Amino acid sequence: MGSNMVYQLKITLEEIEPPIWRRVLVPAGITFYKLHKIIQAAFGWQDYHLFNFDFGDVVVHIPDPDYAPGELYGDAEELNAKRTKIDALLVERKRCVYTYDFGDNWQHDVILETILPAVEGQHYPVCVAGARHRPPEDVGGVSGYEEFLRIISDPEHPEYNDYLIWAEKDTGGRKFDPEYFYINEVNRVLAKIK
């Protein structure tokens, strides 16, 4: 794929309704590690947990020197995220699951929607659409997030203030709002990715 092409990806956090998603345009020729950085920025994750991209029979990740190939992913082919470009796998397969934080197990459905010509003078990656704020880091996965939402929706709950204060680490001091999505804020972070 030529470097003058971009991939339009729709990335949706699985198992949460209404959906939390982003649509991003990413340049052809980048590595899966850079795509990981783009997803982190687009969702506002803090990037301190492990991740992988799962295509079923192929898993792209950062190899762990403590495990021999095959120990973590069985018969799946393992590829290094820092060396493997996204082009062949994404164009051929059209979809994968990006998992971030194997404890909370945040699974993101990544779909290649279309391939477009790059617009001269446009910075990529760029977010073109999205909805909702992602869950706080270390909230305890989908069930922990549901409990968190239940508590912060009830100002009379005894842990209401504690939960909101705890979540400020993910909002930069703003009160956590599950509906919050500001595309310009996302794109300011994406603009820092080289």
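**Entry 1**

I am working on a predicted model, where local features need pLDDT of at least 70 and side-chain atom pairs count only at pLDDT 80 or more, while totals for chains, interfaces and linings use all residues. My numbering starts from 1 along each chain as its sequence is written, and side-chain values use heavy atoms, with hydrogens and water left out.

I took helices and strands as DSSP runs numbered from the N terminus (helices are H or I with at least four residues, strands are E with at least two). Two strands count as paired if DSSP finds at least two bridges between them.

In which sense do strand 3 and strand 4 pair? I found them antiparallel, over 3 bridges. They form a hairpin with 3 residues between them, and glycine 56 in that turn has a positive phi of about 90 degrees.

Next I followed histidine 61 to strand 5, where it stands opposite asparagine 80. Strand 4 and strand 5 pair in the parallel sense, over 4 bridges.

I traced the strands into an open sheet of 8, in the order 5-4-3-6-7-1-2-8, with mixed pairing. Which strands stand at the edges? They are strand 5 (77–80) and strand 8; each has a single partner strand, so one side of each is left without a neighbour in the sheet. From one strand to the next I noted an average twist of 25 degrees.

Strand 1 (residues 5–13) and strand 7 (residues 106–117) run antiparallel and are joined by 9 bridges. Along that pair, leucine 13 stands opposite histidine 108 in strand 7.

I looked up what helix 1 lies across, and the list includes strand 1, strand 2 (20–27), strand 3 (51–54) and strand 7. Helix 1 runs at about 140 degrees to strand 2. Such angles run from 0 to 180 degrees between N-to-C directions, with axes fitted as lines to C-alpha atoms, for helices over the stretch in contact.

Which residues of helix 5 (residues 183–190) are buried? I found Val186, Asn187 and Leu190. They cover an arc of only 95 degrees around the axis, which puts them on the same side of helix 5. That arc is taken from the directions from the helix axis to the C-beta atoms. Helix 1 (32–43) and strand 8 (126–131) are among what covers these buried residues, with contact meaning heavy atoms within 4.5 Å.

**Entry 1: the largest pocket**

I noted a volume of about 350 Å³ for the largest pocket. The lining has 24 residues, of which Ala41, Phe43, Gly44, Trp45 and Val189 lie nearest the centre. Helix 1, helix 4 (160–171) and helix 5 are the elements that give two or more residues to this lining. Helix 1 gives the most, with 5 residues.

For my own reference, a pocket is an open set of points on a 1 Å grid over the protein atoms alone, where a 1.4 Å probe fits, with protein on both sides within 12 Å along at least five of seven lines; lining residues have an atom within 4 Å of a point. The volume is the space filled by probe spheres set on the points, which are joined across faces, edges and corners.

Most residues other than glycine have a negative phi, and most peptide bonds are trans. I went looking for exceptions.

A cis peptide bond joins glutamate 17 and proline 18, with omega about -10 degrees. Proline 18 sits in the loop between strand 1 and strand 2. Another cis peptide bond joins tyrosine 124 and proline 125, with omega about 10 degrees; proline 125 lies in the loop between strand 7 and strand 8.

Lysine 94 has a positive phi, near 70 degrees, and lies in the loop between helix 2 (87–93) and strand 6. Is lysine 94 buried or partly exposed? I found lysine 94 partly exposed, with a relative accessible area of 42%.

Terms used:
Buried means under 20% relative accessible area, exposed over 50%, partly exposed in between (1.4 Å probe, protein chains only).
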